Amino acid sequence: MNRRSLAGRLAALAAVTATLGGCASDGGDGGAASPVSAPPGTTAQRTPDSGGTSARTPRGTLLVTDFGSDTVTFVDPAERGAAADLGSVRVGTAPYGIALGEDGTAWVATAEGVAAVDTRTRERTALIPYRTDTGPVTTGEYRGGGMGIALSPDGSRAYVGVNVPGGEGTLEVVDTERREVTRVVPVGRRPFDVDVSRDGRQVYATNHDSFDVSVVGTGDWTARRIEVAPYGTEGGLGSWLKPHYTAVRPSDGALLLPFEGERLAVVDPGTGRVRIEEMTANTHQHGVTAGADGTLYVVGTGPIDPSEDDGPSLTVRSPDGDERVVPLDGPHETVALSADGGTAYVSGGFTRDGYWNGLSVVDVATGRVTRLPVGERPLAVAVLGGRGTGAG
């Protein structure tokens, strides 16, 4: 484990933050576009190359949110090049997280509202506005609106973390049958990720800028705060050492949050206790998902300090803590798994500058990586019939 002093690391982070203006702060919008008007309410929309309503969407198809545009792209991972692109559906400005229902509906968190997409016909069938006031609709890393999103086990509710620029976020509860927001629960700042316990009794919002996870009970809708800050909270909004995404461990429901390729925070959501385990990738980490057997897949986005940190990677961590680190080319953000767990799809979109338009397709057994060009700043990935759903 790299045991650099926290003081030295914070000094390096401050220098890099001033240069890159990265994911540390909530100020500014990183060159965001001017506010844009929302498209018509719930009219189904489809780009001209979407393949038509008669085209069957095969099992194993990837759905990728195009954070750099207003679409979700359908991808056939068995193909390469242009043939892999099965077309795109317009969903709303700057789509972030995505969650798939058993009925074939994809729920997408955008800057404007939660979009419902019929994956069989490849049409947007609804755009559900938020009840939280997030200000003008914009694009970019710090834009307001939905971020992480997840479904209840029975699919009756979608839970979306809503970012309020400069303020505390909310968890909005969407009735998926009525297609409307039915409840709003205050959570922390910039809820990057949303996850749900296996029994559906708790929802977890991972709040980047407040160094915490909000545990929301679905019985009484109260929220508890658990601080998750293995490096401390020194630096506040200017710190890079914050939580990003969470995986729920299948065996016991513990929350797993990776930090810097050095520390894995293991959180008991019942007691609030946080235990730290060692990690080995030595790189700034974002996306994470857990396989059915408890294997953890963690995305390394690249170094904060190139003089000390390692490059982008995918960590494959077994339930007993053994790690295999697969090097990747260029920054990445989230990861999802194929239905059989044999392939990991890692998005190149990245929430900071330096993204690329494609996915790294990783053969889990061999570590072989192939690059698949797709989308425009692809951020979250979901797999029809798969196990991981990227951001959210």
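This report walks through strands, ring contacts and charged pairs in the model above.

The model is predicted, and local features are reported at pLDDT of at least 70, side-chain atom pairs only at pLDDT 80 or more, while totals for chains, interfaces and linings use all residues. Residues are numbered from 1 along each chain as its sequence is written, and side-chain values use heavy atoms, with hydrogens and water left out.

**Strands**

Let's begin with β2. Strands here are DSSP runs of E with at least two residues, numbered from the N terminus, and two of them pair if DSSP finds at least two bridges between them. β1 and β2 run antiparallel, joined by 5 bridges, and they make a hairpin with 4 residues between them. Threonine 65 stands opposite valine 72 of β2. β2 also pairs with β3, again in the antiparallel sense and over 5 bridges; there, phenylalanine 74 has glycine 87 of β3 as its bridge partner.

How many residues of β2 are buried? The count is 5 of 5, where buried means under 20% relative accessible area, exposed over 50% and partly exposed in between (1.4 Å probe, protein chains only). Thr71, Thr73 and Val75 lie on one side of β2, with Val72 and Phe74 on the other, so to speak a strand covered on both faces.

Further along, an open sheet of 4 strands is ordered β20-β21-β22-β23 with antiparallel pairing. Its edge strands, each pairing on one side only, are β20 (284-290) and β23 (323-327). Within this sheet, β21 (residues 296-302) and β22 (residues 313-317) share 5 bridges, and leucine 296 has arginine 317 in β22 as its bridge partner.

**Rings**

The structure holds 4 aromatic pairs. Rings of Phe, Tyr and Trp (its six-membered ring) pair if their centres lie within 6.5 Å; planes under 30 degrees apart count as stacked, over 60 as edge-to-face and the rest as tilted. Phenylalanine 67 and tyrosine 96 are edge-to-face, at 5.9 Å centre to centre and 85 degrees between the planes. Phenylalanine 67 sits in the loop between β1 (62-66) and β2 (71-75), and tyrosine 96 in the loop between β3 (85-90) and β4 (98-100), 29 residues apart. Both residues are buried. Tyrosine 159 and tryptophan 221 have ring centres 6.4 Å apart and planes at 50 degrees, so this pair is tilted. Ring pairs also link Phe67, Tyr96, Phe192 and Tyr245 into a cluster.

**Salt bridges**

The whole structure has 14 salt bridges, each a side-chain nitrogen of Lys or Arg within 4 Å of a carboxyl oxygen of Asp or Glu. Among them are these:

| Residues | N to O distance |
|---|---|
| Aspartate 118 and arginine 120 | 3.3 Å |
| Arginine 249 and aspartate 252 | 2.9 Å |
| Aspartate 329 and arginine 371 | 3.9 Å |

Aspartate 329 lies in the loop between β23 and β24 (335-337) and arginine 371 in strand β27 (residues 369-373), so their pair ties together parts 42 residues apart in sequence. Aspartate 329 is exposed at 53% relative accessible area, while arginine 371 is partly exposed at 39%. Finally, Glu141, Arg190, Asp209 and Lys242 are linked in a network of salt bridges.
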